[in-house]
Amino acid sequence: MNRRVFGITGWKNSGKTTLTEKLVAELVRRGWKVSTVKHAHHDFDIDKPGADSFRHRQAGATEVAIVSGNRWALMHELRGEDEPTLEAILSRLAPCDLVLIEGYKREAHRKIETRRLEAKDRTPLSAGDPDIVAVAADFAAEGEHLPVFDLDDVKSIADFIERATGLVA
């Protein structure tokens, strides 16, 4: 399946989630149907202890779907299986115009690197990743060979992503 995807990558506390959130809002405002994939670390949970769905998983269910008139969610317990590939996750998403991928810094898709002065690590990822095609930073990125955007310039970053993914010519 050939999907339009674009990544937001960077070190911890570099502004990835805030930028992703603002880009979703901006691109949806422009009329695009946008989905997201967020890579989390290890033992995250979206379920609450005591909830029926939590109890189903505790009992051993591999997949639990929660469905209402407003939304539905599908949780899959790996139970020793390997983490699914990004491609496997993308193949399960409903059709949309663009998927923004937060994290997944080692995957081979075009992405923008976020950099903040307050981030734990400010070592540029772009030097070792040819799939990073732009940088968004809250400080001057001197000597950078890629397009550099202000981390808060969401409109210009959205314009760039629309062009880079072929949403607009």
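**Strands, salt bridges and pockets**

Strand E6 (residues 111-115) and strand E7 run parallel and are joined by 5 bridges, where helices (H or I, at least four residues) and strands (E, at least two) are DSSP runs numbered from the N terminus, and two strands pair if DSSP finds at least two bridges between them. This is a predicted model, in which local features need pLDDT of at least 70 and side-chain atom pairs count only at pLDDT 80 or more, while totals for chains, interfaces and linings use all residues. Residues are numbered from 1 along each chain as its sequence is written, and side-chain values use heavy atoms, with hydrogens and water left out.

The charged side chains come next. The structure holds 15 salt bridges, a salt bridge being a side-chain nitrogen of Lys or Arg within 4 Å of a carboxyl oxygen of Asp or Glu. One of them joins Asp152 to Lys22, with the closest N and O atoms 3.6 Å apart. Because Asp152 lies in the loop between strand E8 (148-150) and helix H4 (154-165), whereas Lys22 is in helix H1 (residues 16-29), this pair ties together parts that are 130 residues apart in sequence. Asp152 is exposed, at a relative accessible area of 57%, and Lys22 is partly exposed, at 36%.

Another salt bridge links Arg115 with Glu113, whose closest N and O atoms are 3.1 Å apart. Here Arg115 counts as buried at 7% relative accessibility, and Glu113 likewise counts as buried at 1%. In the salt bridge between Glu26 and Arg30, the closest N and O atoms are 2.8 Å apart; Glu26 is buried, with a relative accessible area of 8%, while Arg30 is partly exposed, with 26%. Glu26 and Arg30 also belong to a network of salt bridges that links them with Arg29, Lys155, Asp159 and Glu162.

What remains is the open space. On a 1 Å grid over the protein atoms alone, a pocket is an open set of points where a 1.4 Å probe fits, with protein on both sides within 12 Å along at least five of seven lines, and lining residues have an atom within 4 Å of a point. The largest pocket holds about 1600 Å³ of space, the volume being the space filled by probe spheres set on the points, which are joined across faces, edges and corners. Its lining has 33 residues, of which Phe44, Leu74, Met75, His76 and Ile89 lie nearest the centre of the largest pocket. Strand E2 (34-38), helix H2 (52-58), strand E4 (72-76) and helix H3 (86-92) are the elements that give two or more residues to this lining. By class, the lining of the largest pocket divides into 18 nonpolar, 7 polar and 8 charged residues, where Ala, Val, Leu, Ile, Met, Phe, Trp, Tyr, Cys and Pro count as nonpolar, Asp, Glu, Lys and Arg as charged, and the others, Gly among them, as polar.

The second largest pocket has a volume of about 370 Å³. It is lined by 14 residues, and His39, His41, Gly103, Tyr104 and Lys105 are the closest to its centre. The lining of the second largest pocket has 2 nonpolar, 5 polar and 7 charged residues.

Methods. Buried means under 20% relative accessible area, exposed over 50%, partly exposed in between (1.4 Å probe, protein chains only).
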